[in-house]
Amino acid sequence: AKEVFDAAAWERISTRASSLKLQVRPEIPPGLNVNLRPYQIEGFHFLAYLATNRFGGILADDMGLGKTIQALTWLLWLREESGDQAPPSLVVCPKSVLDVWADEVKKASPSIRVQVLRNKVELEVDRLGKDIDLLVLNYSQLRTCADELKGINWLGMILDEGQQIKNPDSKAAKAARALAGSNRLVLTGTPIENRLLDVWSLMSFAMPGILGDRKYFRDNFDKRKDNHSQTRL
């Protein structure tokens with residue numbers, strides 16, 4: 001693996017390897033009002049493993065398999081772990097599923113106080129963490145509210161349909177990378193759509209530096225130059 005990884009990323013990984021917690025199997029948080037299927041429990045445990053070891057990641061289940069409910073279970077667990085003073089969390093999603101998230105929260109985890117942002121004037125930063133636990137907004141609002149959002153220390157940051165930031169030069173991708181907080185998660189059924197750089201862009205949000213900088217990645221994982229690059233990745 002050392003031959004593939006960017007040197008700085010490998011140094012960080014190997015330094016922390018001895019302290020990794022591998023068996024992370026927390027109980028389903030009591031505030032969850034739905035029954036998870038076995039594979040969804042596995043998904044939640046994967047997310048809990050990432051958070052326990054301070055990793056970010058991508059949950060890449062196919063459409064319809066319940067990425068939203070797994071992510072909400074994870075948020076409930078994060079809040080439980082954080083205690084009474086839990087910071088707010090953020091979901092960024094396409095405009096078409098804003099209300100889907102709100103409905104899922106109310107049905108599956110009603111203890112989470114959710115606000116769906118309809119326009120920029122509704123963003124009241126001082127209410128976040130006090131009487132709003134979860135802010136849900138779309139990718140356009142992520143761009144227009146970037147300055148306000150990057151000043152908040154989020155408990156969990158979720159990009160739903162994360163392929164929306166597959167272009168690392170887009171304003172949405174830059175705004176996402178500027179967010180600050182403890183736990184980063186990308187939800188997408190299509191982590192690779194057109195090119196391997198899609199994965200680099202998603203991971204540059206989820207776990208900055210893990211795949212090296214953009215030049216390193218382009219030099220080492222360009223399918224046009226090397227037919228085996230995808231296999232190595």
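The model on screen is predicted.

**Stop 1: helix H8**

Select residues 197-206, helix H8. This helix is mostly covered, with 10 of its 10 residues buried. Show the side chains of Leu197, Asp198, Val199, Trp200, Ser201, Leu202, Met203, Ser204, Phe205 and Ala206, the buried residues of H8.

**Stop 2: helix H7 and the positive patch**

Move to helix H7, residues 171-177. Color Arg143, Lys171, Lys174 and Arg177, which form a positive surface patch. Helix H7 supplies the largest share of this patch, 3 residues. Click on lysine 171, placed in helix H7. Is lysine 171 buried or exposed? Lysine 171 counts as exposed because its relative accessibility is 66%, and the cut-off for exposed is over 50%.

**Stop 3: glutamate 27**

Go to the loop between helix H1 (7-16) and helix H2 (38-52), where glutamate 27 sits. Glutamate 27 counts as exposed, at 66% relative accessibility. Draw a C-alpha to C-alpha distance from glutamate 27 to glycine 156: they lie 19 Å apart in space and 129 residues apart in sequence.

**Stop 4: salt bridges**

Side chains of opposite charge can pair when their charged atoms come close. The model has 13 salt bridges. Take aspartate 133 and arginine 113, whose side chains meet in one of these at 2.9 Å, N to O. This pair links distant parts of the chain, 20 residues apart. Aspartate 133 is in the loop between strand E3 (114-116) and strand E4 (134-138), while arginine 113 is in the loop between helix H4 (98-108) and E3. Aspartate 133 counts as buried at 3% relative accessibility, whereas arginine 113 is partly exposed at 37%.

Next, select glutamate 148 and lysine 120, a salt bridge with its closest N and O atoms 3.8 Å apart. Again the pair links distant parts of the chain, 28 residues apart: glutamate 148 in helix H6 (residues 146-149), lysine 120 in the loop between E3 and E4. Glutamate 148 is partly exposed at 31%, and lysine 120 is partly exposed at 41%.

Then pick arginine 127 and glutamate 124, a salt bridge with closest N and O atoms 3.5 Å apart. Arginine 127 is partly exposed, with a relative accessible area of 29%. Glutamate 124 is partly exposed at 37%.

Note on methods
Residues are numbered from 1 along each chain as its sequence is written. This is a predicted model: local features need pLDDT of at least 70, side-chain atom pairs count only at pLDDT 80 or more; totals for chains, interfaces and linings use all residues. Side-chain values use heavy atoms; hydrogens and water are left out. Patches are made of residues with over 30% relative accessible area and no salt bridge: like charges are joined within 9 Å, nonpolar side chains (Val, Leu, Ile, Met, Phe, Trp, Tyr) within 5 Å. Accessible areas come from the Shrake-Rupley method with a 1.4 Å probe; for residues, only the protein chains shown count as cover. A salt bridge is a side-chain nitrogen of Lys or Arg within 4 Å of a carboxyl oxygen of Asp or Glu. Lys and Arg count as positive and Asp and Glu as negative; His and the chain ends are not counted. The place of a charge is taken as NZ of Lys, CZ of Arg, CG of Asp or CD of Glu. Helices (H or I, at least four residues) and strands (E, at least two) are DSSP runs, numbered from the N terminus. Buried means under 20% relative accessible area, exposed over 50%, partly exposed in between (1.4 Å probe, protein chains only).
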